[in-house]
Structure formats: C-alpha cells, structure tokens
Amino acid sequence: MINPSQTQLVALLDSFTTTSGTTSAPLFRRLGAVADRLGIECYVVGGFVRDIFLESPSKDVDIVVVGSGIAMAEAFAAELGRGAHLSVFRNFGTAQIKWKGTEIEFVGARKESYTHDSRKPVCEDGTLADDQNRRDFTINAMAISLNAHRYGELVDPFDGRHDLADGIVATPLDPDITFSDDPLRMLRCVRFATRLRFVIEDETFEALGRNRERIRIVSAERIIDELNKIMLTEQPSRGFVELHRCGLLEIILPELAALDLVETRNGRSHKNNFYHTLEVLDNVAAASQKLFLRWAALLHDIGKPQSKRWELPAGWTFHNHNYLGAKKIPDLFRRLKLPMDERMKYVRKLVNLHMRPIAIADDGVTDSAVRRLLFEAGDDIDDLMLLCEADITTGNEIRKKGFLNNFRTVRRKLVEIEEKDRIRNFQPPVGGEEIMRRFALPPGPAVGALKSSLKDAVLDGVIPNDYEAALAYLREKARKMGLSETPEPAENKTAAES
C-alpha cells in the first residue's frame, strides 16, 4: 500500500488498539485525545510510518509533539493507567512507555546543529518541519497527524512515499551535510538499502564516497551495531558490496576489502575471493539465522592474501590460509568491539577448521580423520559442516555435485562414529591426576606424553573409548617408558576400577 488515501491511513491507525479493563480503543486515537487536551500537535513519525506503507507495521512507535515529549508521555501513561511502564530520560528530553508488548518513544520536535568533530548534535526546540529536516532519509521523514481535526493526515514534505514506491534510499536535504553531520547515517543508508532491497539514489551514493573518512569519528560500538544488522538481513552480500563500492569497507573492515584482487600469471587466474566470500555468506544466511556463523562465513578466507603463492605446476595456492585467518580473528574482534568471549572462539574455530571436511572429502573418508574432526569441532560440528557446504561455490556442476556427495558421506560417518565412540567433546577415559598417582609421576613431560599418546590411540581407533581399554593401553605404554605402576589404595579407586 505505497499510496494509501487518508481514509485508508485512518483505518490502519485504528487497527492498533489498547485495552483497559473491558474497554478497547484505538491506541492512536487515545494519543491524539491526550495531545488535544494538552493543546499540542502530535504525530507518529519515522520507521513506524514507513513500515505501514510497506505493510509490515512494527510494535515500536515514535511520537513527535510540538512541545514537551516528556509531558506528553507522562500524561499518556496516566491515561493508560496500570500496566504502563514509563521511563523518562530528561538529559535527552525523551521518554518511553512500554505497554503490553508495544514500545512508544516520545520526543519534542527539535532542530539540530553539529560541530565537525562530533556526531552529537546541539538541539533546540523546533517545529515539525525542523524535525523532519533533521531525519536521515526521505522514507523515514514521513509523519501522520494524530490530533482529532487532522487525524490520519500524512505530512510528507520530501515525497518519501514515492521513494518507497520506487525502491530508493535518499536523504531529505543535501546528502553531504546529512552524512558529514552524523557519519553513522552512511552505514544506516547501506543497512536500509540492504534490508529493503532498495537502490541508493545516485547523489546520495556519491556523497557516501566523499564523506567516507568521516566514519572515523564514529565509535566502534555504533559501527558494529549497524554491521550486525546488515549481517542479519536476508541477503547481507548486498550491503558489503555497497560498503566496498563507496570505500567505507576499506576503513571499517580492510581484511575483507583486501580479498577483492585477482592476479593472472602464465594465463592462469585465481578466483575473486571477495565475491566468493559474499556468495558463501549468502549461502549460510539462507540456511541459518545465527549471527556468528554468518561472521565465520564472512571471515573464513581473510588469510588468503597473506598465504597466496604461485607454485608450479599447481599454479596459485593458498596453503594454510585457514590457520592464518584464524590467527587474525582475536585482534579483529577486539578492534570492532565484537565480543571476546566464546563467540570469538567459535568464529576462530570455524575459520581454522573450515578446510578439514573438504580435505576429508578429497582424500577419502577414514574413521580416524572423522574422529579427529569430531574431537576438534565438538558441539560446533554441524555449523562447521554447514559452512563447508556453503563454501562450495564452483560453477562446475559436476565438481559441485561430487563435493556435496562426499560431504553427505562425511555427515553419515560423523553420525556413525559419534554413536559408536562418543568422540564429540571427548575427554580421555583416564585423566592426568590418575596417571600421576598410578605411576608416581610429578606434573611434567612424561604425564603429557602419556595423555597425548592415549588421546591419539582413541582418535586413531587403536583402542575403543572406554576406561578398561585406556588403562590397559597406558600400562603398556608406561612399561615401554620404563615406568612402574604404584598400587593404589582402595579409597583412591574410581567407580570404573571397582
């Protein structure tokens, strides 16, 4: 419904109801009535209006009044009564009401001015027109009146509804001023274009390039919030292509931008690893909503520029690019203010291991190789396999079919071996403390050698993954090392020994 009539807008507004006791009433009618009582202009604005036109209305409502947004919020909270949770942010002149799953933000209309070294504006009271002028994009600058005498009237000074119809993201005013004042809007521009599958208007796009250096004054926390929103869209590659085209990607994520290079030698070229990466990212996005699995897809080949070599007769090679890429992950996460907890370790693990299933598929699937893969991947094995299958982007359908068939064999083996040997999150049946007790050893290389040998014996299928087999193996290994077993007191014996 890109061009609804006022009658249709009124019907849409009235479809949002509030209930007090047994009485139900349209939410926006009640807001307008409170504003009329206070004698102030009141409008629903921004993303809520945009999403009404896109027929995907949300439960996040932005209200602008020409007056005090806090006073309006306090009066409306009193009108709603019990169950309305009011939060007031006096330093910002804003307030929020949470009411039965709906969040309503209130602010007074304002105009803004900026200094060159900050994206934080100096604000003063303004008109609705002032407030619409300061909005980031035409599609977010529409307002609908809620006062009784103008209820449902659309105020659209920048033809935002036409840009919605045409699928365009454009700024209301000069884009150079818009982006220079608040450089975060550049990322929001790309994010909206990606999420809505819109095109960035030419003048607006050119301003992205001219103002890209201004992104350096934006905090890493703000930047990563926008990048994560791009990552979680249906087709995140669109956003990264736009970021790269306008030059923002080289500043924000140079490791990814560096992949956009193709070299040719003796008539032989390697693939463009930037566009390959984006294809892998979209493949993963089509299969999973997991944000950090998508990050693993985005970063899985960042070790390739460092590892690239020309070797005859193979041609271009990228040996150990997975290992080199994994080494970059902690510093990259730290710089981008991504979490340095288990989520970072998860991405680092997947980047490091993403060649292993492919190597197994190439070399023939052995039980030992599958056990080791299970051991190292642990509970993340399914995500790793999804990433690896997404990584097959060859245009050669016969080759692609061969890889995917081999991966099906790997998956079947993973299930069979896990059921038989319980290798996922495997811990050796005999631990280090028991080894030290049994063979009267202090902590040191001998204990480590026995533990490592036991682990390899289980993973290589030399012995089954059970206590008695492990203990017998250790006794024989210790004997060959010249170690004698010390009889243990009965109270030290484990349940398995008893």
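Mentor: Let's start where helix 11 ends: the residue that follows is Gly247, and its phi is positive, near 90°. Helices here are DSSP runs of H or I with at least four residues, strands are runs of E with at least two, and both are numbered from the N terminus. Before we go on, remember that this is a predicted model, where local features need pLDDT of at least 70, side-chain atom pairs count only at pLDDT 80 or more, and totals for chains, interfaces and linings use all residues. Residues are numbered from 1 along each chain as its sequence is written, and side-chain values use heavy atoms, with hydrogens and water left out.

Now step back into the helix. Helix 11 covers residues 237-246, and seven of its 10 residues are buried. Buried means under 20% relative accessible area, against over 50% for exposed and in between for partly exposed, using a 1.4 Å probe and protein chains only. The buried ones are Ser237, Gly239, Phe240, Glu242, Leu243, His244 and Cys246.

Pick out Phe240 from that list. Leaving aside neighbours within four places in sequence, Phe240 is in contact (heavy atoms within 4.5 Å) with Leu227, Ile230, Met231, Leu249, Leu256, Phe274, Leu278, Leu281 and Leu298. Phe240 also belongs to the largest nonpolar core, which has 135 residues. Such a core is a set of buried Ala, Val, Leu, Ile, Met, Phe, Trp, Tyr and Cys residues joined through side-chain atoms within 4.5 Å. Phe28, Val44, Ile63, Phe240, Trp295 and Val347 are the members that touch the most others. Apart from that core lies another one, of eight residues, including Val107 and Val155.

Val44 stands opposite Ile144 in strand 10. Strand 3 (residues 42-45) and strand 10 (residues 143-145) run antiparallel to each other, with three bridges; two strands count as paired if DSSP finds at least two bridges between them. On to strand 4: four bridges join it to strand 3, again antiparallel, and Cys42 faces Val65 there.

Strand 4 also pairs with strand 7, this time parallel and over six bridges. Strand 7 is mostly covered, with five of its seven residues buried. Strand 6 pairs with strand 7 through six bridges, antiparallel, and the two make a hairpin with two residues between them; Lys100 in that turn has a positive phi of about 50°.

Put together, seven strands make an open sheet in the order 5-6-7-4-3-10-11, with mixed pairing. Strand 5 (85-89) and strand 11 (154-155) sit at the edges with a single partner strand each, so one side of each has no neighbour in the sheet. Helix 4 (residues 69-80) lies across strands 3, 4, 5, 6 and 7, at about 20° to strand 6; the angle, on a scale from 0 to 180 degrees, is between N-to-C directions of axes fitted to C-alpha atoms, for helices over the stretch in contact.

Finally, zoom out. The secondary structure of the chain comes to 25 helices and 17 strands, and 48% of the 498 residues count as buried. The C-alpha trace spans about 95 × 70 × 45 Å along its principal axes.
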